[in-house]
Amino acid sequence: MKHAPDLLRIATAGSVDDGKSTLVGRLLYDTKSVLADQIDAVTKASVDRGLEGPDLSLLVDGLRAEREQGITIDVAYRYFATPARSFVLADTPGHVQYTRNTVSGASTAQLVILLVDARNGVVAQTRRHAAVMSLLGVPRLVLAVNKIDLVDNPDEVYGQISAEFADLTRSLGWSPEQVISIPVSALHGDNVATRSDNTPYYDGPTLIEHLETVPNVTDIKDVGLRFPVQYVIRPRTPEFPDYRGYAGQIAAGRVSVGDEVVILPAGTRSTVRQIDTADGQLATAHTGRSVTLLLDDDVDISRGDVIAAAGDAPEPLQQFGATVCWLAEKPLRPGARLLLKHGTRTTQAIVGGIEVLFDEQHLSLIDAPDTVELNQIGRIAIQTAEPIAADDYQVNRESGSFLLIDPQGGNTLGAGLVGDALAHLHLTETPELV
């Protein structure tokens with residue numbers, strides 16, 4: 001999804017006790033994005049616990065269970081700003097069983113801050129999170145080597161961790177320009193907002209400096225209009241007796257009055273006559289804008305249809321391959337009958353087969369698995385009851401993603417990416433499943 005140049009969507013990820021909550025609290029504190037009474041409350045709670053200074057993690061661990069256990073469970077969205085840029089931060093949990101929350105939080109991120117504890121280095125959860133970020137197409141990655149003040153020979157430790165992570169991200173498809181490693185101490189604020197004298201071996205930007213200056217990368221490739229219809233507006237009042245508008249949010253591309261469009265999956269063509277908003281009419285609207293489109297022709301359009309650019313429309317799909325991150329305790333098996341939600345359309349779907357599993361620890365593929373278990377990533381074949389107007393995820397993140405839903409309980413079971421999101425990874429082997 002595209003955003004205004006001064007807004008950057010970021011997310012945090014990392015293992016348990018890597019210091020994510022403290023880092024997020026430090027970001028909020030150093031950018032003066034918390035109120036004085038919040039600081040006072042945190043300081044008082046910290047003193048009650050016998051601490052000398054404020055425990056900044058208490059600024060973000062809002063749930064009672066999180067405070068009592070000292071962990072992060074849910075995804076929480078934080079807002080902060082500097083003079084150069086505004087930020088929306090998805091603070092995601094570190095436990096393996098909450099990987100599903102990490103997928104949710106990072107799915108719209110333009111940059112992810114991945115933490116490691118300098119004492120532990122790159123661990124299994126680090127590799128898992130990096131693999132998920134790669135598959136989700138996150139454009140930029142920051143490795144925050146936290147607690148660097150707690151290790152002997154910090155320059156050597158930082159160098160070793162940075163080199164190992166560089167090899168990992170290169171194998172996952174990132175270029176060196178997309179990844180940066182920064183040694184930090186979230187507790188003391190080293191290299192978060194201010195440069196630290198304790199890291200003379202590091203001459204790069206602070207974390208805040210990098211966030212302020214990193215290019216605001218959006219979609220991998222520009223595509224034409226993708227407008228999932230959420231609601232058909234028919235007032236039928238004396239003032240608007242013949243008004244017929246199609247309301248929704250522009251998922252990709254732009255639309256202008258006079259543009260030729262095609263309604264998918266039917267394939268009917270028309271021309272945009274008017275673009276309405278709550279504030280009046282527009283001549284042009286861009287990605288992310290909620291609008292109501294009026295067309296020249298009285299065509300059959302309902303919720304779930306997609307209005308797309310006539311010259312760059314996706315081919316409606318009913319049988320396709322996809323990469324799925326499984327988020328449910330019950331494993332996915334071939335033949336499973338589920339609901340598939342793409343944009344505003346929900347349709348029945350059948351999983352035709354499971355082709356491979358991705359082993360993120362060894363950067364390899366496992367052929368012909370029987371199931372996809374919780375937190376595993378696999379490539380599957382899907383058939384839907386109704387066609388969906390989807391792009392390949394590598395072309396457009398917004399129009400190339402979908403959810404798999406339990407038809408009985410309505411719970412989200414999996415997050416799916418249209419196409420082979422594993423294709424861009426540099427995999428070296430394909431072991432047999434044992």
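The largest nonpolar core here has 75 residues. A nonpolar core is a set of buried Ala, Val, Leu, Ile, Met, Phe, Trp, Tyr and Cys residues joined through side-chain atoms within 4.5 Å; buried means under 20% relative accessible area, with a 1.4 Å probe and protein chains only. This is a predicted model, where local features need pLDDT of at least 70 and side-chain atom pairs count only at pLDDT 80 or more, while totals for chains, interfaces and linings use all residues. Residues are numbered from 1 along each chain as its sequence is written, and side-chain values use heavy atoms, leaving out hydrogens and water.

Ile10, Val112, Ile113, Leu172 and Phe358 have the most contacts inside the core. Its largest share, 6 residues, comes from strand 4, residues 111-117. Strands (E, at least two residues) and helices (H or I, at least four) are DSSP runs numbered from the N terminus. Domain 1 (7-213) and domain 3 (316-418) both contribute residues, so the core lies between them; the domain bounds come from an automatic or database assignment. Apart from this core lies another, of 23 residues, including Ile354 and Leu404.

Now helix 6, residues 154-171. Which residues of helix 6 are buried? They are Val157, Tyr158, Ile161, Ser162, Phe165, Leu168 and Thr169. They cover an arc of only 125° around the axis, so they sit on the same side of helix 6; the arc is taken from the directions from the helix axis to the C-beta atoms. An α-helix has 3.6 residues a turn, so residues three or four places apart point the same way. The buried residues of helix 6 pack against strand 4, helix 5, strand 5 and strand 6, with contact meaning heavy atoms within 4.5 Å. After helix 6 comes Gly173, with a positive phi near 105°.

Key: Buried < 20%, exposed > 50% of the residue type's maximum accessible area, 1.4 Å probe, protein only.
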